[in-house]
Amino acid sequence: MLFIGLLSALTVQAADLLPRWGDRFWCDSVPELMRQSYISFGRRYAGKAWNSLPATVFAEYKKTGNRVNYERLMFDKRRQLAALVMAEIVEGQRRFLPDIVDGLQSTLEETWWGLPAHYKTELPRTEDQTVDLFNAETASLVAYTRYVLADELDHYSPLLTKRIDQEIARRILQPAVKTRYWWKTAAMNWNPWICSNWLACVLFCEHDEARKAEAIRQIEQACDAFMNAYPADGGCDEGPHYWDRAAASLFETQYLLGKSLHHDKLKAMESYIYKMYIGNDYAVNFADAHGNKALLNVNIAYPFGLLTGDKTMCQYAAYVGQQADIMHHAAELFDKSGNWPSLPRELLFLKHIRQFMREQPREPKLKNTWLPDLQIMTTREPFVAFKGGNNGESHNHNDVGSFIVYVDGEPLLLDPGVGEYTAKTFSKQRYEIWTMQSDYHNLPRINGCSQHDGKQYAARVVSYKPGQLTLDLADAYPKEASVRWWKRTVRTQDNRRVEVTDDYSLYEYKAPTQLVLMTPVRPVADKAGVVQLGRHRIRYDARQLEPAVEDISELLDPVLQQQWGQCMYRIVLTVKNQPLKTKLKYYIE
């Protein structure tokens, strides 16, 4: 009984975490420019019909592998609801309420709230309420809407809030407690992402005290499993793209649970995102990550930094807000804060808006960083990131030993990142996708062999000092590569160039060994010893290496084109004479 009493107190505490509709806070604390931005965003959707989500589009994933068409329709519908709710909260005049009521009713009538990529059958079934990322996130959007607009929704009709509670119980609260989902013990984003949304539903919509106690016990256990499995350096092996729903979602969960936020591991996980910051809206994009945005959502990054006492994060969030002119364009950042606008995060951010406005903006351009567990080094200037690790990481690409180079905030040698997700992306055919292959990263092709996937294919750290890392890549390749060692050293020199050394020994010669380099800049290799890349160049020993240039622009899908533009090139430096033991050295300058 004591535990249940404590849970009741926790529910009261959670209910007081955020101001609701009608609170003077919205007029007194949120700047008028920001309020008008949210209201204008909501006006786009006022009077707009609520679309259904066609079963035939849901079925496309199983029939053709396409997942984007349904996601686009679903995300747009959730965006419509979030925009209207935010506009109504800050305006407080009930103008958007009829549209919100229609939107809630339309959402509650959907068979299932998740994505076809996470479902067993080609059509959703009422009796199968699998808890996936987007079933949980939709439930959270509905639960927070119920929380902030509870009195107004009840005034419209108490049947609506009753229906919300029934649907969230049926879709989330009951199946989440009774089912031993794999994600409850996972050390990747599904765990905290779902838990943060599940917890919101527990706190705002669960009326069964016994089930509430069990749900919170399971959520705490799941979060402990996630944090305990994370490396001490806080590195996110899924890449910066997933930090927002890995470390940041863990922070949300800990915050809602009333846990201490001054935990060394949590702070290390927090710092990962600014350690991967390059500049000019770029972030290191190893694994399934996009390269052309730093992926920092102010509405979660600022509360994370503020409540954990991380000044660097607070200033980074303020810098992103300043660059985006958040006072005039708050709704644009809100719109981009997830697959659809994240209402709970925006509410938490605005609760601290006065502190945010006093923050000093500053880019987190750290000179050197080293994550020993993840085996990632960064240094500047020019900016270089070099990774080891293994090919069994979450959202893995076969990229052990790859590096990237940015000069003046622009990519010179890049990691292509990840393109459009399809059925193949998370299937046994994943490594048929070219962006997942070592042949399309800045890596050697040894004796005609590429890297293989699997945790056993890994790098060994030989040495590290600020600005210089040496890795042995031999074990990242299969036995067929016949490599005794491959010691790759990457280091910066004199703040103007990057030196790469590949010192290797082979057991035998089987096929040509090559060095692959990826670039968005058209290479010109008409002069021996030099590959020109616009204002920059790669300088190599022409006695050792023979260059060739491949235009691979036709491989770029719309997502990759959005990241890098219309062009991408693959430089292949083939080792001449094929010695069994040698040292290759080249410079990027």
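**View 1. Cys 201, a buried cysteine.** Cys 201 has 0% relative accessibility and counts as buried. Buried means under 20% relative accessible area, exposed means over 50%, and partly exposed lies in between, with a 1.4 Å probe and protein chains only. This is a predicted model: local features need pLDDT of at least 70, side-chain atom pairs count only at pLDDT 80 or more, and totals for chains, interfaces and linings use all residues. Residues are numbered from 1 along each chain as its sequence is written, and side-chain values use heavy atoms, with hydrogens and water left out. A disulfide is a pair of cysteine sulfur atoms within 2.5 Å. By this rule the count is zero. Cys 201 is in no disulfide, and its nearest cysteine sulfur, that of Cys 205, is 5.8 Å away. Cys 27 is partly exposed, at a relative accessible area of 45%.

View 2. Asp 233 sits in the loop between helix H12 (209–229) and helix H13 (240–243). Helices (H or I, at least four residues) and strands (E, at least two) are DSSP runs, numbered from the N terminus. Asp 233 is buried yet has no salt bridge. A salt bridge needs a side-chain nitrogen of Lys or Arg within 4 Å of a carboxyl oxygen of Asp or Glu. The nearest side chain of opposite charge, Lys 275, is 7.6 Å away. For charge, Lys and Arg count as positive and Asp and Glu as negative; His and the chain ends are not counted. The side chain of Asp 233 does reach the backbone nitrogen of Asp 373, at 2.7 Å. Leaving out residues up to four places away in sequence, Asp 233 touches Ala 268, Leu 371, Pro 372, Asp 373 and Leu 374. Contact means heavy atoms within 4.5 Å.

View 3. Strand S3 (residues 368–371) and S4 pair in the antiparallel sense over four bridges. Two strands pair if DSSP finds at least two bridges between them. Leu 371 stands opposite Ile 376 in S4. The hairpin of S3 and S4 has four residues between the strands, and Gln 375 takes a positive phi near 60 degrees there. S4 also pairs with strand S5 (residues 383–387), again antiparallel over four bridges. Thr 379 stands opposite Val 384 in S5. Three residues make the hairpin link from S4 to S5. Both faces of S4 (residues 376–379) are covered: Ile 376 and Thr 378 are buried on one side, Met 377 and Thr 379 on the other.

**View 4. Helix H18 and its packing.** The buried residues of H18 (residues 326–335) are Ile 326, Ala 330, Ala 331, Phe 334 and Asp 335. These residues pack against several helices, including H3 (32–43), H6 (68–91), H16 (298–308) and H17 (311–323). Helices H19 (343–351) and H20 (353–357) are also among their partners.

**View 5. An open sheet of four strands.** The strand order is S9-S15-S20-S19, with antiparallel pairing. Strands S9 (444–445) and S19 (545–551) are the edges, each pairing on one side only. Strand S15 (residues 514–519) and strand S20 (residues 569–575) are joined by six antiparallel bridges. Gln 514 stands opposite Thr 574 in S20.

**View 6. The hairpin of S11 and S12.** Strand S11 (residues 460–465) and strand S12 (residues 468–472) run antiparallel, joined by five bridges. Lys 465 stands opposite Gln 468 in S12. Two residues lie between the strands, and Gly 467 takes a positive phi near 85 degrees.

Terms used. A polar contact is a pair of N or O atoms within 3.5 Å; within protein, one must be able to donate a hydrogen and the other to accept it, and residues adjacent in sequence count only if both atoms are side-chain atoms.
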